[in-house]
Amino acid sequence: MDVEEYNSMGRDRVSSYSILDPALPPHVDETKLLRKIDVRVLPILFAVVNISNALTLGLPAELGLEGEQPNIALTIFFVPYILFEIPSNVLMKKLGPRVWLSGCILCFGIIMIGQGFVKSYGGLLATRFFLGLSEAGIFPGSFYLISFWYKKEEAQKRFTFYWSTTIFAGAFGGLLASAIANMNGIRGLRNWRWIFILEGIATVLVGLASFLCITDFPREAKWLSREEREFLLKKTGANESHTTPVTTKDALAFFMKLEHWFAAVMYFSILVPSYSIVYFLPTIVQALGYSTVQTQLHSVPPFAAALGFAVVVAYMSDKSRMRSPFIFLGLALLIAGLAIMISIHGAAHFSVEYAGLCLVAMGSFGIGGNIICWYMMNLRGHVERSIGSAWMIGFGNIGGIVATFLFVKKDAPYYHSGYSVCLAMAALCVVSCAGYGLLIWRERNRITKNKKETGDLAKEPLYL
């Protein structure tokens, strides 16, 4: 019995067919297995770090940063992060997710602790560079791993769960910074140093736990029974070994396809406003006249709104088995929010401006996970997904470099240039999403036609 026949039988949650060995009757409870996978795969990947709150707690003043030096400190992170995405995924294929991801997380935490003791601008640049090098393996590698554990109609909720780490980094980073603001002077250290030290310690603990808790790909997962493994491999169609090498021919063939370039531009254009919110929301709110602690507290609600929107969209997207309509909905909110921020100013209109910030957060963070899932789950096999996840996230993070120079002090308090660039990026995201969707629609029609001619109905359809 193939997957389509299985689906046509009302999705009976208890399977009684063999996958790799037709004579084997495994009797697998799919609902129980899905819960088991959720518990083993997702929670340990949930890690949060950011720097934006430290910029409002005295870091620039103590290190003597002037002009665009704070922006450069943010930017230097992305140089190794972008360059080492694809090599990192290749290494993860070779070493396995458990070893590679946990090693990257551990290194990140150690360097983060070191960042809490920097004494100069040069020291800050050095730690930021090595943080970027360490994190190059975490984000794309985690999405690459998650993509092999779920079917398309199960994936968006899980991708959003992991993507929400970026939302929590903004929301709870602000709350954490508010609490740590009261630690100023403890052990002779300023409060911004404690942010890095405490978050670094937490990340080191997560890294140590990861050696025991991060799972490998389904074929190598020892915590699955043979029956569960066979059931899962058939269900997801992920029966290819992760040791399949990535060749130069594979890479050239990949980059010859136009849809991969549209996908990279989609992610790049949504990350410009996303990173702008992460890095500069506290700065933007502070420009309205709030104290340091009030700035941190007022930085939380926009991320809470983004998280709520992302969760609702994820469930609706999986239920409808569509991605693009919800992405375009988020882009509409993003454009509306940016229009408000550009056109309405002044303390008398703070509520309207603040609502605009919430719309910007919802429209950028709320759909970032959808864009990644839409693209990743339309890729097939280890070769495509290892290159594709790194390519999309690596190219997209050029948006992080752009974002670090959009909201500079000389443009305060209205930041017309920053908002205008973000609005242009939102428009570019609309165009690139439409282009990618058109290519997927054409490819889906071609596959459907071939299926009818050959009678091969095993492959899952591409999602629009």
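Predicted model: local features only at pLDDT ≥ 70, side-chain atom pairs only at ≥ 80, totals over all residues.
Mentor: Local features need pLDDT of at least 70 and side-chain atom pairs count only at pLDDT 80 or more, while totals for chains, interfaces and linings use all residues. Residues are numbered from 1 along each chain as its sequence is written, and side-chain values use heavy atoms, with hydrogens and water left out.

Trainee: Why is Leu-212 called exposed?

Mentor: Exposed means over 50% relative accessible area, buried under 20%, and partly exposed in between (1.4 Å probe, protein chains only). Leu-212 has a relative accessible area of 72%, so Leu-212 is exposed.

Trainee: What makes Asp-318 buried and Lys-157 partly exposed?

Mentor: Asp-318 has 3% relative accessibility and therefore counts as buried. Lys-157 has 23%, so Lys-157 is partly exposed.

Trainee: How do you know that Lys-157 and Asp-318 form a salt bridge?

Mentor: The term requires a side-chain nitrogen of Lys or Arg within 4 Å of a carboxyl oxygen of Asp or Glu. The closest N and O atoms of Lys-157 and Asp-318 are 3.1 Å apart, and the pair forms a salt bridge. Lys-157 in helix α10 and Asp-318 in helix α16 (residues 300-320) are 161 residues apart. Helices are DSSP runs (H or I, at least four residues), numbered from the N terminus.

Trainee: What makes helix α9 largely enclosed?

Mentor: In α9 (residues 139-146), 8 of the 8 residues are buried, so the rest of the structure largely encloses this helix.

Technical notes
Helix = DSSP H or I, 4+ residues; strand = E, 2+ residues; numbered from the N terminus.
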